[in-house]
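This briefing is meant for a reader who is meeting the structure for the first time. Please keep the sequence and the model in view while going through the points below.

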Amino acid sequence: MIVKTIENYDGELLHHRFAYNFFREKTLPIGNIIAFRSPMLVEADGMIDSEDIIKNEFIYSDDAMNFLWEIPCLSDPFGAVAYQRLFNTNIANILSSKYLDGAPIEVDGDDLIVHKDHEQGGVKQSKGKCSVSITYVRDGVTLGHTGINVHAGEKAPSHAYSTGLNNMQVSAFMRDTIDMFYQMNDDMFLATTKTIVK
(Lines give C-alpha, C1' and ligand atoms only; values in the text may rest on other atoms or scores of the structure.)
Protein backbone atom coordinates (compact mmCIF):
# COMPACT_ATOMS: atom_id res chain seq x y z
CA MET A 1 0.00 0.00 0.00
CA ILE A 2 1.31 3.44 -0.94
CA VAL A 3 0.36 5.92 1.79
CA LYS A 4 0.09 9.62 0.98
CA THR A 5 -0.77 10.97 4.43
CA ILE A 6 2.65 10.65 6.14
CA GLU A 7 4.47 13.97 5.85
CA ASN A 8 7.71 13.05 7.62
CA TYR A 9 9.40 9.85 8.79
CA ASP A 10 10.63 10.36 12.36
CA GLY A 11 10.92 6.71 13.40
CA GLU A 12 7.89 6.75 15.69
CA LEU A 13 5.76 4.56 13.44
CA LEU A 14 8.25 1.70 13.84
CA HIS A 15 7.95 1.65 17.64
CA HIS A 16 4.74 -0.38 17.61
CA ARG A 17 2.68 -2.61 15.35
CA PHE A 18 1.13 -0.56 12.57
CA ALA A 19 -0.24 -2.90 9.89
CA TYR A 20 -3.80 -3.15 11.24
CA ASN A 21 -4.10 0.65 11.29
CA PHE A 22 -3.60 0.68 7.50
CA PHE A 23 -4.97 -2.69 6.32
CA ARG A 24 -7.74 -3.59 8.81
CA GLU A 25 -9.32 -6.88 7.66
CA LYS A 26 -6.72 -7.22 4.89
CA THR A 27 -3.84 -7.60 7.38
CA LEU A 28 -2.01 -10.76 6.29
CA PRO A 29 -0.26 -13.44 8.37
CA ILE A 30 2.65 -13.47 5.88
CA GLY A 31 3.18 -9.75 6.49
CA ASN A 32 2.23 -6.33 5.20
CA ILE A 33 4.19 -3.39 3.85
CA ILE A 34 3.51 0.29 3.43
CA ALA A 35 5.45 2.73 1.26
CA PHE A 36 5.47 6.50 1.34
CA ARG A 37 7.56 9.38 0.10
CA SER A 38 8.67 11.94 2.65
CA PRO A 39 11.67 13.58 4.26
CA MET A 40 13.39 11.58 7.00
CA LEU A 41 14.34 13.18 10.28
CA VAL A 42 15.03 10.56 12.94
CA GLU A 43 16.78 11.84 16.04
CA ALA A 44 17.46 10.24 19.43
CA ASP A 45 13.80 9.74 20.48
CA GLY A 46 12.94 7.94 17.27
CA MET A 47 16.09 5.83 16.96
CA ILE A 48 16.19 2.08 17.54
CA ASP A 49 19.81 1.39 16.53
CA SER A 50 21.96 1.85 19.66
CA GLU A 51 25.15 2.10 17.57
CA ASP A 52 23.77 5.15 15.76
CA ILE A 53 22.70 6.73 19.06
CA ILE A 54 26.17 6.22 20.57
CA LYS A 55 27.79 7.80 17.51
CA ASN A 56 25.16 10.58 17.28
CA GLU A 57 24.54 9.48 13.69
CA PHE A 58 20.94 10.49 13.26
CA ILE A 59 18.96 10.04 10.05
CA TYR A 60 18.38 12.94 7.66
CA SER A 61 17.05 13.05 4.12
CA ASP A 62 15.27 15.85 2.29
CA ASP A 63 13.31 13.37 0.18
CA ALA A 64 13.16 9.59 0.51
CA MET A 65 11.13 6.53 -0.39
CA ASN A 66 10.22 4.75 2.85
CA PHE A 67 9.19 1.13 3.27
CA LEU A 68 7.89 -0.23 6.58
CA TRP A 69 7.06 -3.88 7.02
CA GLU A 70 5.41 -5.98 9.72
CA ILE A 71 5.72 -9.77 9.66
CA PRO A 72 3.72 -11.65 12.34
CA CYS A 73 5.12 -15.11 11.59
CA LEU A 74 8.75 -14.01 12.07
CA SER A 75 9.50 -13.74 15.77
CA ASP A 76 13.25 -14.04 16.38
CA PRO A 77 15.88 -11.29 15.99
CA PHE A 78 18.29 -13.38 13.88
CA GLY A 79 15.52 -14.19 11.43
CA ALA A 80 14.46 -10.54 11.33
CA VAL A 81 17.97 -9.43 10.36
CA ALA A 82 18.26 -12.23 7.78
CA TYR A 83 14.93 -11.12 6.29
CA GLN A 84 15.99 -7.45 6.25
CA ARG A 85 19.17 -8.28 4.33
CA LEU A 86 17.29 -10.43 1.82
CA PHE A 87 14.69 -7.68 1.35
CA ASN A 88 17.36 -5.01 0.91
CA THR A 89 19.29 -7.18 -1.56
CA ASN A 90 16.15 -7.48 -3.67
CA ILE A 91 15.64 -3.71 -3.45
CA ALA A 92 19.24 -3.28 -4.67
CA ASN A 93 18.57 -5.56 -7.65
CA ILE A 94 15.44 -3.63 -8.64
CA LEU A 95 17.10 -0.25 -8.16
CA SER A 96 20.23 -1.15 -10.12
CA SER A 97 18.59 -2.96 -13.03
CA LYS A 98 15.52 -0.76 -13.60
CA TYR A 99 16.29 2.70 -12.23
CA LEU A 100 20.04 3.43 -12.06
CA ASP A 101 21.10 2.23 -15.52
CA GLY A 102 22.80 -0.88 -14.17
CA ALA A 103 25.04 0.96 -11.70
CA PRO A 104 26.47 -1.70 -9.35
CA ILE A 105 24.97 -1.72 -5.86
CA GLU A 106 26.93 -3.42 -3.10
CA VAL A 107 24.96 -4.76 -0.14
CA ASP A 108 27.13 -4.13 2.93
CA GLY A 109 25.26 -5.51 5.93
CA ASP A 110 21.95 -3.68 5.67
CA ASP A 111 23.41 -0.76 3.67
CA LEU A 112 23.06 -0.26 -0.08
CA ILE A 113 26.22 1.26 -1.57
CA VAL A 114 25.81 2.62 -5.10
CA HIS A 115 29.05 2.55 -7.11
CA LYS A 116 28.51 5.59 -9.27
CA ASP A 117 30.21 8.99 -9.42
CA HIS A 118 28.29 11.64 -7.54
CA GLU A 119 28.68 14.71 -5.36
CA GLN A 120 27.36 15.11 -1.82
CA GLY A 121 28.02 18.11 0.35
CA GLY A 122 30.59 19.44 -2.11
CA VAL A 123 32.55 16.18 -2.03
CA LYS A 124 32.98 14.27 -5.29
CA GLN A 125 33.13 10.51 -4.80
CA SER A 126 32.83 7.25 -6.68
CA LYS A 127 30.31 5.56 -4.39
CA GLY A 128 27.76 6.42 -1.74
CA LYS A 129 25.15 4.97 0.61
CA CYS A 130 21.60 5.44 -0.68
CA SER A 131 19.82 3.71 2.19
CA VAL A 132 19.06 3.55 5.87
CA SER A 133 17.53 0.45 7.40
CA ILE A 134 16.67 -1.13 10.74
CA THR A 135 14.69 -4.13 11.94
CA TYR A 136 13.84 -5.65 15.29
CA VAL A 137 11.32 -7.91 17.02
CA ARG A 138 8.65 -6.53 19.30
CA ASP A 139 5.83 -8.54 20.88
CA GLY A 140 6.84 -11.56 18.79
CA VAL A 141 6.53 -9.67 15.49
CA THR A 142 9.23 -8.40 13.10
CA LEU A 143 9.08 -4.70 12.27
CA GLY A 144 11.41 -3.02 9.82
CA HIS A 145 12.15 0.12 7.83
CA THR A 146 14.23 0.78 4.74
CA GLY A 147 14.56 4.30 3.38
CA ILE A 148 16.06 5.08 -0.05
CA ASN A 149 17.23 8.63 -0.76
CA VAL A 150 15.72 10.49 -3.66
CA HIS A 151 17.56 13.68 -2.63
CA ALA A 152 19.66 13.31 0.52
CA GLY A 153 20.09 17.04 1.08
CA GLU A 154 22.65 19.15 2.88
CA LYS A 155 22.06 17.70 6.38
CA ALA A 156 22.78 14.17 5.19
CA PRO A 157 26.31 12.83 5.73
CA SER A 158 28.96 13.19 3.05
CA HIS A 159 28.75 9.47 2.19
CA ALA A 160 25.03 9.73 1.30
CA TYR A 161 23.95 9.00 -2.28
CA SER A 162 20.88 10.54 -3.95
CA THR A 163 19.18 8.32 -6.52
CA GLY A 164 17.64 11.38 -8.24
CA LEU A 165 14.56 9.46 -9.40
CA ASN A 166 11.81 11.54 -10.97
CA ASN A 167 8.20 11.46 -9.71
CA MET A 168 7.12 8.70 -12.11
CA GLN A 169 10.14 6.59 -11.22
CA VAL A 170 9.52 7.03 -7.49
CA SER A 171 5.94 5.78 -7.85
CA ALA A 172 7.00 2.87 -10.04
CA PHE A 173 9.87 1.90 -7.72
CA MET A 174 7.57 1.89 -4.69
CA ARG A 175 5.08 -0.34 -6.53
CA ASP A 176 7.88 -2.67 -7.70
CA THR A 177 9.17 -2.99 -4.13
CA ILE A 178 5.72 -3.68 -2.69
CA ASP A 179 5.12 -6.35 -5.36
CA MET A 180 8.51 -7.92 -4.58
CA PHE A 181 7.68 -8.02 -0.85
CA TYR A 182 4.42 -9.91 -1.31
CA GLN A 183 5.77 -12.27 -3.98
CA MET A 184 8.81 -13.09 -1.85
CA ASN A 185 6.84 -13.61 1.36
CA ASP A 186 4.19 -15.72 -0.36
CA ASP A 187 6.87 -17.87 -2.00
CA MET A 188 8.73 -18.34 1.30
CA PHE A 189 5.51 -19.28 3.08
CA LEU A 190 4.68 -21.84 0.38
CA ALA A 191 8.17 -23.28 0.76
CA THR A 192 7.43 -23.98 4.44
CA THR A 193 4.47 -26.15 3.45
CA LYS A 194 6.29 -28.51 1.06
CA THR A 195 8.45 -30.54 3.40
CA ILE A 196 7.63 -34.17 4.11
CA VAL A 197 8.48 -35.46 7.57
CA LYS A 198 8.87 -39.25 7.86
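Of the 198 residues of the protein, 47% count as buried, where buried means under 20% relative accessible area, exposed means over 50%, and partly exposed covers what lies in between (1.4 Å probe, protein chains only). This is a predicted model, in which local features need pLDDT of at least 70 and side-chain atom pairs count only at pLDDT 80 or more, while totals for chains, interfaces and linings use all residues. Residues are numbered from 1 along each chain as its sequence is written, and side-chain values use heavy atoms, with hydrogens and water left out.

**Fold and overall dimensions**

- The protein contains four helices and nine strands, these being DSSP runs numbered from the N terminus (H or I of at least four residues for helices, E of at least two for strands).
- Read from the N terminus, the order of elements is α-β-α-β-α-β-β-β-β-β-β-β-α.
- The radius of gyration, taken over C-alpha atoms, is 17 Å, close to the 16 Å that the globule rule gives for 198 residues, so the protein is as compact as a globular protein of that length; the rule itself is 2.2 Å times the number of residues to the power 0.38.
- Along the principal axes, the C-alpha atoms fill a box of roughly 60 × 35 × 30 Å.

**Contacts and surface**

- When contacts (heavy atoms within 4.5 Å) are taken between residues at least 6 apart in sequence, 67% of them join residues at least 24 apart.
- The protein exposes about 10,500 Å², of which carbon and sulfur atoms supply 52%; the areas come from the Shrake-Rupley method with a 1.4 Å probe, and for residues only the protein chains shown count as cover.

**Charges and salt bridges**

- There are 17 positive and 27 negative side chains, and the centres of the two sets lie 6 Å apart; Lys and Arg count as positive and Asp and Glu as negative, without His and the chain ends, and each charge is placed at NZ of Lys, CZ of Arg, CG of Asp or CD of Glu.
- Side chains of opposite charge can pair when their charged atoms come close.
- The count comes to five salt bridges, each defined as a side-chain nitrogen of Lys or Arg within 4 Å of a carboxyl oxygen of Asp or Glu.
- One of them joins R17 and E70, at 3.0 Å from N to O, and this pair links distant parts of the chain, with R17 in the segment before α1 (19–23) and E70 in strand β2 (residues 59–71), 53 residues apart.
- R17 is partly exposed at 41% relative accessibility, whereas E70 is buried at 3%.
- Another joins D63 and R37, at 2.7 Å from N to O; D63 lies in strand β2 and R37 in strand β1 (residues 32–42), so this pair ties together parts 26 residues apart in sequence.
- D63 counts as buried at 13% relative accessibility, while R37 is partly exposed at 30%.
- D176 also forms a salt bridge with K98, their closest N and O atoms being 2.9 Å apart; D176 lies in helix α4 (residues 167–192) and K98 in helix α3 (residues 77–99), so the pair ties together parts 78 residues apart in sequence.
- D176 is buried with a relative accessible area of 19%, and K98 is exposed with 53%.

**A loop residue**

- N166 sits in the loop between β9 (141–151) and α4, and at 41% relative accessibility N166 is partly exposed.
- The C-alpha atoms of N166 and R85 are separated by 26 Å, the two residues being 81 residues apart along the chain.
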